[in-house]
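Dear colleague,

I am handing over the structure below, together with some notes on what was found in it. Please keep it open while you read.

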Amino acid sequence: MNTENPSVNPSSTTIDIGIGGMTCASCVMRVEKALKKVPGVDSATVNLATESARIAVHDAGMEARLRRAVRDAGYEPLAPSAAIDAVDASPWAGFGPVGIGLALCTPLVLPMVGDLFGKDWMLPALWQFLLATPVQFILGARFYKAGWHALLARSGNMDLLVALGTTAGWALSMWLWLTAPDHSAHGMPAMEPHLYFEGSAVVVTLVLLGKWLEARAKRQTTAAIRALHSLRPDTAHLIGRDGEVDVPVAEVLVGDRLVVKPGERFPVDGTLLEGRTQVDESMLTGEPLPVTKEVGAKLTGGSINGEGRVVLLVRAVGVDTVLSSIIRLVEDAQAAKAPIQRLVDKVSAVFVPVVLVIALVTLLGWYFTGHSFEVALIHAVAVLVIACPCALGLATPAAIMAGTGVAAKFGILIKDAQALEVARTVRVVAFDKTGTLTIGQPRLTALVPVGMAEDEALALAAALQSGSEHPLARAVLQAAKDKGLSVAAPTDVQAVAGRGMQGKVGERGVLLGSLRWMAELGVDMAPVAAQAAGLQKRGATVSAMAEQQVDGVQLLALLAFADEPKPGAREALATLKARGIQTVMISGDNRGAAEAMATRLGLDVKDVLAEVLPGDKAAKVLELKAGRGGVAFVGDGVNDAPALAAADVGMAMANPHGGGTDVAMHAAGITLMRGDPLLVAAALDISRRTVAKIRQNLFWAFAYNAAGIPLAALGYLSPVVAGAAMALSSVSVMTNALLLKRWTPEQGGK
């Protein structure tokens, strides 16, 4: 998959390659090093959890060379989505080698159980050899192969440690068996020596079991991406020259007309041409309730048509669809490295060589303090086995994949790991007012009739403005529609620039416009002057409707328009405040109007930045950043790109008209796919929880090795116990990360 990546270099493209055979953090370092050596590579990021690499290059035709570099490093180049596409048919998929290993190891372990009950169930040495050798060299062949490639590359990895440790235990057992005195005529020693076949075989089996459990957990972390990919239908019902025909979605073109039947997913983005339906857009917004769609409404590919046969006009296909944008955002976030991962990379670069030195020191230390070579070697083997750095490589990416995956489920798209990590430091959240905290569309909030009934005045105003697309005219028409009023058709309608409009409704000459225009026309505004002043003080836009009569222009009604707070906006601000986060509103309105809205939202007046031009929002964000900790800016994605980029964390909030998503691709670190302010607190919460999981995982990964290596070197851990602890470390890290999948937004943010 080749895509542009503006974060790297304007002239660069990115190439994604799947990588098979990686087992630990050291493998990640080796593959990255091999890829970065290829001429023309700007950067390379390898992810152990997704088993993939993302490489920024100047020439998109370099993929073959990059794949060769991966193979030369000792790994298998695969399709970019190999790990995602490998959907397991059964939860036991891949368990075969583990099951065989367990079956062969059980007779070897039984004597240890018998010892607890005073029973001597020790198998003859020949049987131990026959059971352990297939485990060591057939089931364990993967460790020898990968370890050999690591040696050729003059580096180390988990496989090398396992191969060295278990081979040493197996070889020691062979040496003790073959050199034991007093052989019988059948070639068996009269006194069976104590052998260590079971230790090596059990370690190999435990490591295989750990990798199998780890692979199962990985499949769960990629569930979010697989679910998004599955939303794309394979075929579409195209209305062609010969009627309705089924065609592959890849052949659909912009401008085509498609039929979508009840219960089917919309194959691409489009506009509703015929029909009326309820659409399930939960895959896009996280909102479980269906949304009513009428002719002219926008439809998103992947959403579900609830009722009725509809026809849509295609407006976006392929990578240009909203679903493709969502998939790309989630994939980018899961492929990226968090800043905290740099520490892990530095440790991994020297980890295996240091472990080999510690194992050698352990061997020599025990041997030269008077212990047998047998005892010294077993303790050195335990050091090699317990030190495998699997958990280190999985700690960060597993948590990031789980966190970004569950966030996407609820309509929170996190663009990259850096945004995820920085969001937890946010102490100030600045909101753009219009479209973010407010609905973004004016509503008729008050109508004061003069000498006529309210419904009559509303019907008259709606009739005059029935042909206008002005936002205030739409507000009047919506109010009339909500009341079920019949609206007459006007005649001789004229727009008066900067003032309003006039025309005839029936035989009546009606004018509707600004108070300034009414003053110019000599309209007596005294009867409603007090109401007009009060409405303006509360931040409303006030207009007047008048009628042209023989003796002049007569006032008919006063109309007040205002934007309304979004449902949940007040609760969202209260939630952030309760968490100790300061909230600020940035508005272009005059101070009176801005403060009036702030009061309705429960904001302190001191936290209102009013009369801010769109171009000055970024400067205000920079002022907030000075000495206040992390600052997040939330905008509706229309004209907020500079401010989104200036903030420590930019959050682009999608609105019903489609804004937000495109801006998020370029400027914002987080996209809120539903226009719900409560998602801001939810985004900060999942960020905090994900980073907490990363830190917990890294602590346990380091703690296993920090505690385990000295214990093994001092002789307190056998190779079997060390193998079990090593396998447990990887499984525990993955399990801890997967706990994030249980997260749900608080305060009704679903």
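What follows describes a sheet with its helices, and then a pair of helices elsewhere in the chain numbering.

Please bear in mind throughout that this is a predicted model. The sheet is an open one of six strands, paired antiparallel, and its order is β17-β22-β21-β20-β19-β18. Because β17 (443-449) and β18 (491-496) stand at the edges and have a single partner strand each, one side of each is left without a neighbour in the sheet. On average, and with direction ignored, neighbouring strands of this sheet are turned by 20 degrees against each other. The partner of β17 is β22 (residues 552-562), to which β17 is joined by six bridges in an antiparallel run, and within this pair Arg-443 stands opposite Ala-562 in β22.

Two helices lie across strands of the sheet. Helix α17 (residues 454-464) lies across β17, β18, β19 (500-505), β20 (508-514), β21 (541-549) and β22, and runs at about 85 degrees to β20, while helix α18 (residues 471-482) lies across β17, β21 and β22, at about 90 degrees to β22.

As for the helix pair, the axes of α6 (residues 141-152) and α7 (residues 158-178) come within 7 Å and cross at roughly 120 degrees, in a left-handed crossing. Among the residues that make the contact are Phe-143, Tyr-144 and Leu-151 of α6, and Met-158, Leu-160 and Val-162 of α7; by class, this contact has eight nonpolar, two polar and two charged residues.

How values were computed:
Residues numbered from 1 in each chain as written. Predicted model: local features only at pLDDT ≥ 70, side-chain atom pairs only at ≥ 80, totals over all residues. Heavy atoms only, no water. Pairing = 2+ DSSP bridges. Helix = DSSP H or I, 4+ residues; strand = E, 2+ residues; numbered from the N terminus. Axes fitted to C-alpha atoms, helices over the stretch in contact; angles between N-to-C directions. Contact = heavy atoms within 4.5 Å. Left-handed = near helix turned anticlockwise from the far one by under 90°. Nonpolar A, V, L, I, M, F, W, Y, C, P; charged D, E, K, R; others polar.
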